[in-house]
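Hi,

Here is the structure I promised to pass on. Have a look at it first, and then read my notes below.

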Amino acid sequence: MSWTFVLALAACAYGLKLLGAVIIGQREMPLVVQRCLLLIPAALLAGLIAKDTFTTGQHYAIDARAAGLAVAVLATWRKLPFVVVIVAGVGTTALIRVFV
Amino acid sequence: MHHFRAPDARRFISASLMIGIAFVIFGASFGVLSVSAGASVAQTCAMSLLVFTGASQMSAVSVLASGGTVASAFGGAVLLSGRNAVYGLAMSPVLKQGSLASRLLGAQWVIDETTAVVSAETDPATRRTAFWISGAILYASWNIGTLLGALVGSSINPSDFGLDSAFPVMFTAMIAPHLRTSTGRKAALFGAVAAVALAPFMPIGLPILVSALGMLFGISPASGEQTVTTDGAP
């Protein structure tokens, strides 16, 4: 990772925060733009979850990560605290690596 | 930080500390994975200090770690941070009271969690207290966690500890609030299918950018909003 990457990402991320909080403020941002921006996490995080669980590079893989994800989904669905979700999910993957 | 001495400060301090514990753990996992993806400890800490929006930081490291191009890692991370602009609209009345310097600092603390804490309040003064306390505690927690993780990450192999599943596990916890609406669920389904289906055919990292197109479900208003705004018209 390069410093250019870190600083450029910082500039863009801060710029977007500034855009909403200070520059646009209480003036108008079109509702359709707001709706689309707020949908990005659902779309992109779901993509990242799928990528990080079921692929390795450009290949498909079902391994201990899938079990960790299943436990995390269950824990999230049961509304357990974040800490429990992480420890249970990551712990499941680790335990399977040790015993299988 | 006079907000810490405000009448209802204690309530926000304890609520923020609860989220802060999770932030330390999230931050530490990010720190470990960032360093093992090739970033230095300094770069990892700089990201948390300067970018300070967890999903974007994790997305960038996740794409780079799996061998994706710098451009796709960057694009995904910036797209993910776009929602902070919308949160900022809601937070601007809270920041408006202060000096320019405090607004510039406050803008950096506009993230999912501070927005959630503030949005639960109605009184303007209470909202300011809620924002500054949760912002300060969460900023500190995230950066302390990152530093600890980055230091540990230099000496361990993440997959020995199951930490290669830490990103999908953390993303699962983070995505939950976004699945409450039917458009959110549609966008997520689209994103997941695109990422997996396109993986063998595209350079690593690119399918994630296609996933982001799920945001276009936001173009047509959700049916709930329609009934409010159409006023009986067909």
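A residue is called buried here if 20 or more other C-beta atoms lie within 10 Å of its own, and exposed if 12 or fewer do. Keep in mind too that this is a predicted model.

Is Cys45(B) buried or exposed? Cys45(B) has 20 C-beta neighbours inside 10 Å, so it counts as buried. Leaving aside residues up to four places away in sequence, Cys45(B) touches Asn143(B), Thr146(B), Leu147(B) and Ala150(B). Also, the C-alpha atoms of Cys45(B) and Gly149(B) are separated by 9.7 Å, although the two residues are 104 residues apart along the chain.

Phe52(B) isn't a glycine, yet it has a positive phi of about 40°. You'll find Phe52(B) in the loop between helix H2 (41-50) and helix H3 (54-65) of chain B. With 25 other C-beta atoms within 10 Å, Phe52(B) is buried.

Over in chain A, Lys79(A) isn't a glycine either, and has a positive phi of about 60°. Lys79(A) lies in the loop between helix H3 (64-77) and helix H4 (82-99) of chain A. Lys79(A) has 8 C-beta neighbours inside 10 Å, so this one counts as exposed.

Now zoom out to the domains. Chain B is assigned a domain 1 (2-177) and a domain 2 (180-234). Taken over C-alpha atoms, the centres of these two domains of chain B are 24 Å apart. Where they meet, twelve residues of domain 1 of chain B are in contact with nine residues of domain 2 of chain B. Helix H4 (residues 70-81) of chain B gives the most to the domain 1 side, with five residues. That side has five nonpolar, seven polar and no charged residues.

Finally, look at where the chains pack together. Helix H1 (residues 3-24) of chain A and helix H5 (residues 83-96) of chain B pack at an angle of about 35°, and their axes are 7 Å apart. The crossing of H1(A) and H5(B) is right-handed. Among the residues making the contact are Leu16(A), Lys17(A) and Leu19(A) from H1(A), and Tyr87(B), Met91(B) and Leu95(B) from H5(B). Sorted by class, the contact of H1(A) with H5(B) has eleven nonpolar, four polar and one charged residues.

Methods. Residues are numbered from 1 along each chain as its sequence is written. Chains are lettered from A and ligands numbered from 1 in the order in which they are written. This is a predicted model: local features need pLDDT of at least 70, side-chain atom pairs count only at pLDDT 80 or more; totals for chains, interfaces and linings use all residues. Domain bounds come from an automatic or database domain assignment. Two residues are in contact if their C-beta atoms, placed from the backbone, lie within 7 Å. Helices (H or I, at least four residues) and strands (E, at least two) are DSSP runs, numbered from the N terminus. Ala, Val, Leu, Ile, Met, Phe, Trp, Tyr, Cys and Pro count as nonpolar, Asp, Glu, Lys and Arg as charged, and the others, Gly among them, as polar. Axes are lines fitted to C-alpha atoms, for helices over the stretch in contact, and angles run from 0 to 180 degrees between N-to-C directions. A crossing is left-handed if the near helix is turned anticlockwise from the far one by less than a right angle, and right-handed if clockwise.
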